[in-house]
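Q: I have a structure open and want to learn how to read it feature by feature. Where do we begin?
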Amino acid sequence: MPIAEYLKMCKTVAYQRGFVWVMVLLARERDAVYSYNDLKQYWDSYDDLTGDKILFIMSIANRREESYSSYPAHEIEGWRRLYNPNLLIMNQSVPTIPRWEFPSEKSIRKYRNIAIENNTHFISELCYEFNISEEDVPSIVLFCTEPFKESKPVVIPIQSDNLYISIKELIIGIQTELENFGNIRDELRNIALDLQELKSNIQRNVISNPERRYITAKTKLLHMVETGSTRIDTSMLQDAINKKDIHACKLFPQPIRGYLNQIIDLQQEYKEIESCITEKYSCEQQLYIKQNALEKAYDKKCDMLTKARCDLDLAIKKYVAELQKESIKGGRGMKIRVPHFKIGITFSGKYRKRFIEPFCDELLNLGYTRHDIFYDAWHDALINGVHGDDVLRQIYFQNCDCVVVLLSPDYKEKNWTGHIEWSAVKELINTGDDDKICLLRVDSADIGEIDGLYKNQTIAKTIDNMSACEIATFVHQKYKMLI
């Protein structure tokens with residue numbers, strides 16, 4: 001089915017299930033080749049990141065001709081039970097999909113290309129439907145699930161071809177407001193459950209229907225007497241009630257006569273009604289007091305949730321604004337788009353042929369691609385220009401999952417490694433993000449001479465006698481620990 005219609009259906013069910021947003025990847029396959037591959041390979045990580053507040057969806061059909069079919073969504077097998085464990089079958093009963101009903105890994109591989117094809121096919125339609133500019137592709141888009149809230153979709157540019165990093169940075173950017181919203185929402189749910197249980201308890205266990213009619217009639221009768229809304233002889237009224245004198249009712253005007261008649265009838269039919277009510281009525285009053293307190297707490301939490309939602313929306317807008325500002329400004333006016341790499345390597349040129357080039361070739365044999373690895377010889381066009389130093393700093397500091405540093409005796413003396421590249425690596429140390437640094441050592445390089453490293457703390461892998469395959473395997477093990 002068209003992704004716009006699919007999205008509207010998902011928003012409705014997502015709202016019922018408590019999701020705040022529906023997230024869509026707005027990218028054609030050519031825009032985000034590696035992101036699409038990672039979606040399939042690391043979906044559990046994406047699911048854990050988006051949690052119970054963001055429903056990440058993709059529209060999938062078995063064949064292209066089924067994309068515009070009139071079949072209900074739950075009859076289209078292609079997208080069903082695929083990707084997010086929180087994904088729901090869109091039918092009237094709104095069931096969840098158990099983990100054990102998910103397709104095998106083989107089935108996911110089978111449908112992955114169809115998912116990419118279908119999602120790519122509908123990007124233009126989605127842009128048109130929600131008035132999203134082509135300039136915003138590729139990006140991730142958040143759609144508010146609340147049906148009564150008119151709001152434009154939030155478009156968040158993907159800064160690199162690493163979708164996971166983009167989503168993670170978004171979550172980090174709004175983490176405080178997101179946690180506050182989630183906590184208040186959970187508290188509101190608990191109050192609602194307590195209130196529902198209390199109301200059920202009142203209805204089931206406190207006062208029966210005859211008793212309730214008796215209380216209603218007697219309460220209204222006494223109220224009329226106390227307020228003096230009608231002139232009656234209260235002693236005659238009480239005497240008529242005590243004697244259960246049905247004939248005395250005609251002595252009183254309406255509506256007193258009707259209430260008195262109802263009280264006497266119930267007393268005659270239910271002999272112990274007065275004694276039973278005394279105890280039950282007191283218990284009910286206590287429950288009503290508790291119900292009133294819960295209702296007030298519920299209203300207060302609703303107001304707090306509304307404010308928390310506004311704070312969350314503002315946090316997202318602020319994050320997006322800062323992201324756009326950073327994208328436009330860049331380092332010293334830099335406007336080029338720097339891709340994200342799984343592994344980045346900084347080294348002295350002296351060791352290119354001896355270690356780096358064979359080691360990088362071995363990484364390719366382990367399943368990496370040249371797009372996954374920042375080896376300067378493979379990306380010379382990226383760093384070409386008058387601001388190549390800024391590009392290098394951004395790559396090592398922001399755009400690498402794992403930074404491999406080959407420490408050599410001349411590393412700190414070289415202008416590019418010792419001053420530019422190491423400054424970015426040192427910033428990782430200073431910001432506490434040093435887990436992503438993989439230190440290699442060659443030719444007995446003195447660790448103590450490198451600014452920011454200490455001999456009694458730092459451990460570097462000596463690779464003088466290691467083969468290129470062994471070095472690549474070691475770095476791969478380090479990278480796997482990080483993800």
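Q: Start with sheets. In what order do the five strands of the open sheet stand?

A: Keep in mind that this is a predicted model. The order is S6-S5-S7-S8-S9, and the pairing is parallel.

Q: Which are the edge strands?

A: Strand S6 (373-374) and strand S9 (461-462). Each pairs on one side only.

Q: Which strands does helix H12 lie across?

A: H12 lies across S5, S6 and S7. Its direction is at about 170° to S5.

Q: Take the other sheet. What is the strand order, and is the pairing parallel or mixed?

A: Four strands form an open sheet, ordered S2-S1-S3-S4, with mixed pairing. Strand S2 (54-57) and strand S4 (154-157) each have a single partner strand, so one side of each lacks a neighbour in the sheet. From one strand to the next, the twist averages 25°.

Q: How many bridges pair S1 with S2?

A: Four bridges, in the parallel sense, pair strand S1 (residues 21-26) with S2. At one of the paired positions, Val24 has Ile57 in S2 as its bridge partner.

Q: Which residues does Ile165 touch, not counting residues up to four places away in sequence?

A: Ile165 touches His340 and Asp401.

Q: Next, helix packing. What describes two packed helices?

A: The angle between their axes and the distance between the axes. Here, take helix H12 (residues 352-365) and helix H16 (residues 468-482). Their axes come within 8 Å and cross at roughly 65°. The crossing is right-handed.

Q: Which residues of H12 and H16 meet?

A: H12 brings Phe355, Pro358, Phe359, Glu362 and Leu363. H16 brings Ala468, Cys469, Ile471, Ala472 and Val475. By class, the contact has nine nonpolar residues, no polar ones and one charged.

Q: At what angle do helix H14 and helix H15 cross?

A: At roughly 35°, with the axes of H14 (residues 388-397) and H15 (residues 415-430) coming within 8 Å. This crossing is right-handed. Among the contact residues are Leu392 and Tyr396 of H14, and Trp416 and Ile420 of H15. The contact of H14 with H15 divides into seven nonpolar, one polar and four charged residues.

Q: Last, pockets. What shows where empty space is left?

A: Rolling a probe the size of a water molecule over the atoms. In this model, the second largest pocket holds about 490 Å³ of space. It is lined by 20 residues, and those closest to its centre are Tyr15, Glu146, Phe181, Arg185 and Leu305.

Q: Which elements give two or more residues to that lining?

A: Helix H1 (3-16), helix H7 (175-205) and helix H11 (273-329). The largest share, six residues, comes from H11.

Q: How do the lining residues divide by class?

A: Eleven are nonpolar, four polar and five charged.

Definitions and conventions
Residues are numbered from 1 along each chain as its sequence is written. This is a predicted model: local features need pLDDT of at least 70, side-chain atom pairs count only at pLDDT 80 or more; totals for chains, interfaces and linings use all residues. Side-chain values use heavy atoms; hydrogens and water are left out. On a 1 Å grid over the protein atoms alone, a cavity is a set of points where a 1.4 Å probe fits but cannot get out, and a pocket is an open set with protein on both sides within 12 Å along at least five of seven lines; lining residues have an atom within 4 Å of a point. Grid points are joined across faces, edges and corners, and a volume is the space filled by probe spheres set on the points. Ala, Val, Leu, Ile, Met, Phe, Trp, Tyr, Cys and Pro count as nonpolar, Asp, Glu, Lys and Arg as charged, and the others, Gly among them, as polar. Axes are lines fitted to C-alpha atoms, for helices over the stretch in contact, and angles run from 0 to 180 degrees between N-to-C directions. A crossing is left-handed if the near helix is turned anticlockwise from the far one by less than a right angle, and right-handed if clockwise. Contact means heavy atoms within 4.5 Å. Two strands pair if DSSP finds at least two bridges between them.
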